[in-house]
Amino acid sequence: MTRRTREALSGFAWLLPALVILLAFRVLPIGLSVRMSLYDWGMAGARAFVGLGNYAGVLRDPVFWQSLASTGWYVLFEVPLILFISLFIAILLNQKIRGLGAYRTIYYLPVVTSIVAVSVVWRWILQPDRGLLNYVLSWFHIAGIRWLQDPRGLFRLIAGPSVQLPAALRGPSIALLSLVMMGIWKGIGYNVVIFLAGLQNIDKSYYEAARIDGAGRWAMFRRITWPLISPTTYYVLIMSGISAFETFAQVWIMTGPPAGGPLGTTKVVMYYFYETSFELWRLGYGAAIAFIAFAIILALTILQRVFLERRVQYG
Amino acid sequence: MVLPFYWMLSTSLKTPLEALKFPPTWWPSSMQFSNYRDVFQQIPLWRYFANTVLVTALSLFGVLATGIMAAYAFARFRFPGREVLFMGFLALMMIPLPVYLVPSYIILYKLGWIDTYAAMIVPWTVNIFAIFLLRQHIRQLPQDLFDAARIDGCSDWTTLRRVVLPLCKAPLVTIVVFNVIASWNSFFWPLIVTNSDKIRPLQVGLAYFSREQTTNYTLLMAATTLAVIPLILLFFAAQKQIIQSQARSGLKE
């Protein structure tokens with residue numbers, strides 16, 4: 001045996017444990033998932049080959065489209081809000097204030113806390129008759145918001161009852177927006193830390209030069225901070241988009257019964273996938289949902305790359 | 001930001017009657033520490049804790065073992081298909097959970113592993129991000145170190161143990177911290193692969209408890225407080241490492 005073969009063999013040997021686990025619990029399932037999506041597959045196993053029938057079924061399924069719309073609204077509201085709030089806080093914290101560490105800790109606490117615990121506590125805070133939030137709002141004479149139980153769409157509420165809006169334009173329900181609100185509270189700490197690191201990487205001399213030229217705060221933000229922080233912004237956008245797409249535990253714990261309510265307005269794609277696969281045990285159909293959702297995420301990520309990355313300035 | 005935490009703590013120390021008072025009281029009028037005793041009688045909280053600790057510890061052990069070996073192989077051995085295989089690993093990292101969850105369930109079912117610790121541990125004994133992090137780090141170590149080790153007659157194992165690992169402290173700490181947080185808090189996977197209280201980890205047990213107790217907020221908040229305390233303590237202990245390594249992971253992009 002030459003030295004090269006020996007080295008190659010040891011290489012494979014060292015890789016083997018990781019490889020075996022990944023083959024058994026990633027590669028094999030992904031392959032099997034493709035196959036399952038082509039069958040009418042229940043818990044007992046494959047029943048009938050249906051070709052692309054499951055995919056066609058999902059694309060014709062009004063509940064799927066509603067869940068996609070709910071997910072879309074969730075992402076559309078949560079991601080930009082998280083982005084701007086955490087950038088704003090990061091800029092405030094970057095002013096060499098005293099007690100930066102303490103602030104960072106406070107913002108970061110919700111990040112390490114499990115989504116289950118956070119959801120349980122927020123369900124209590126959002127309780128309509130006894131909850132803390134409605135009590136605090138009552139100081140401002142705002143009463144009777146039924147947070148997690150209100151299925152009415154935001155745009156419908158703004159437009160008023162006299163305007164007839166098609167279903168797709170009614171907007172996220174108050175219940176879904178309650179989940180968005182909690183998501184922002186849980187998510188900003190992570191992004192504040194990322195933005196702070198990005199801000200501290202910007203060369204201070206740019207700001208000094210701008211100050212000499214008499215630039216105001218807004219001009220400095222617009223011309224220096226915003227362009228130079230764009231790689232971080234892009235990263236935050238992608239990461240919070242992906243995590244918003246994965247919303248699941250909140251729905252399981254906070255909404256309903258039945259979960260996904262009221263009127264299915266919080267039934268996001270992940271929850272619909274769970275319900276189909278593990279409550280109704282329509283495994284083939286569930287696999288098709290997973291692939292279609294994955295294709296959509298992939299397409300959106302590529303679109304973001306094409307349209308946004310050109311505007312990101314590296315280095 | 002901390003108000004929800006305060007509210008959790010304050011509710012957990014109230015009597016059920018006071019908790020449902022409206023307008024609510026900010027400070028419990030009499031401290032009901034007995035809530036914390038009662039919650040242990042309502043649900044097998046110790047059991048949940050033990051399950052979570054066991055799953056967290058064993059999967060961390062697996063992640064470190066497989067991760068260090070795979071990273072060393074990718075960084076130090078030359079073999080055909082090495083780069084392709086590494087790209088394959090990275091590609092797997094992009095595949096979201098739903099795509100492999102259902103068939104994984106079936107595989108675990110066929111193995112007879114549903115509702116066992118193995119179902120929660122074995123599939124999570126590899127963390128591709130850990131392999132990636134360690135490989136990048138090992139590749140940056142100077143070649144001289146490895147040459148010196150070889151001249152001293154070190155085998156690959158000894159080189160790894162004596163030379164490489166002591167120099168990998170930073171990435172190892174990052175991996176430990178993030179893996180512990182992720183397994184302690186994981187919910188979707190254990191929800192699906194467990195169905196009895198004996199096996200259930202803390203998060204799943206707490207979630208079921210919250211579905212059963214729709215009005216008993218004092219006990220629910222006591223259970224939640226107990227569930228979040230260990231990670232908050234870990235966070236305070238390792239705050240610097242957690243925040244620094246997270247900030248770095250953002251910069252790398």
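Predicted model: local features only at pLDDT ≥ 70, side-chain atom pairs only at ≥ 80, totals over all residues.
The average pLDDT of chain B is 90, and 98% of the residues score at least 70. Among the elements of chain B, the highest mean pLDDT, 96, belongs to helix 7 (residues 117–121), while the lowest, 73, belongs to helix 15 (residues 239–251).

Charged pairs come next. Over all chains, the count comes to 8 salt bridges. One of them pairs the side chains of B:Arg78 and A:Glu7, at 3.5 Å from N to O. This pair joins two chains, because B:Arg78 sits in the loop between helix 4 and helix 5 (82–94) of chain B, whereas A:Glu7 belongs to helix 1 (residues 3–36) of chain A. B:Arg78 is exposed, with a relative accessible area of 59%, while A:Glu7, with 16%, is buried.

A salt bridge is also found between the side chains of A:Asp150 and A:Arg152, with an N to O distance of 2.9 Å. Here A:Asp150 is buried at a relative accessible area of 9%, and A:Arg152 is partly exposed at 38%. In chain B, the closest N and O atoms of B:Glu83 and B:Arg82 are 3.0 Å apart, forming a salt bridge. B:Glu83 counts as partly exposed, at 40% relative accessibility, and B:Arg82 as buried, at 17%. Together with B:Arg135, these two residues are linked in a network of salt bridges.

A:Asp61, in the loop between helix 2 (53–60) and helix 3 (62–93) of chain A, is buried yet has no salt bridge, and A:Arg282, the nearest side chain of opposite charge, is 6.0 Å away. The side chain of A:Asp61 is instead joined to that of A:Tyr272 by a polar contact of 2.4 Å. Not counting residues up to four places away in sequence, A:Asp61 touches A:Tyr272 and A:Tyr285.

B:Phe49 lies in helix 4 (residues 45–76) of chain B and counts as buried because its relative accessibility is 13%, below the 20% cut-off. Leaving aside neighbours within four places in sequence, B:Phe49 is in contact with B:Trp184, B:Leu202, B:Leu226 and B:Pro230. B:Leu160, by comparison, is 111 residues from B:Phe49 in sequence and 34 Å away in space, C-alpha to C-alpha.

How values were computed
Residues numbered from 1 in each chain as written. Chains lettered and ligands numbered in written order. Heavy atoms only, no water. Helix = DSSP H or I, 4+ residues; strand = E, 2+ residues; numbered from the N terminus. Buried < 20%, exposed > 50% of the residue type's maximum accessible area, 1.4 Å probe, protein only. Lys, Arg positive; Asp, Glu negative; His and termini not counted. Salt bridge = Lys/Arg side-chain N within 4 Å of Asp/Glu carboxyl O. Polar contact = N/O pair within 3.5 Å; in protein donor to acceptor, adjacent residues only side chain to side chain. Contact = heavy atoms within 4.5 Å. pLDDT = per-residue confidence, 0-100.
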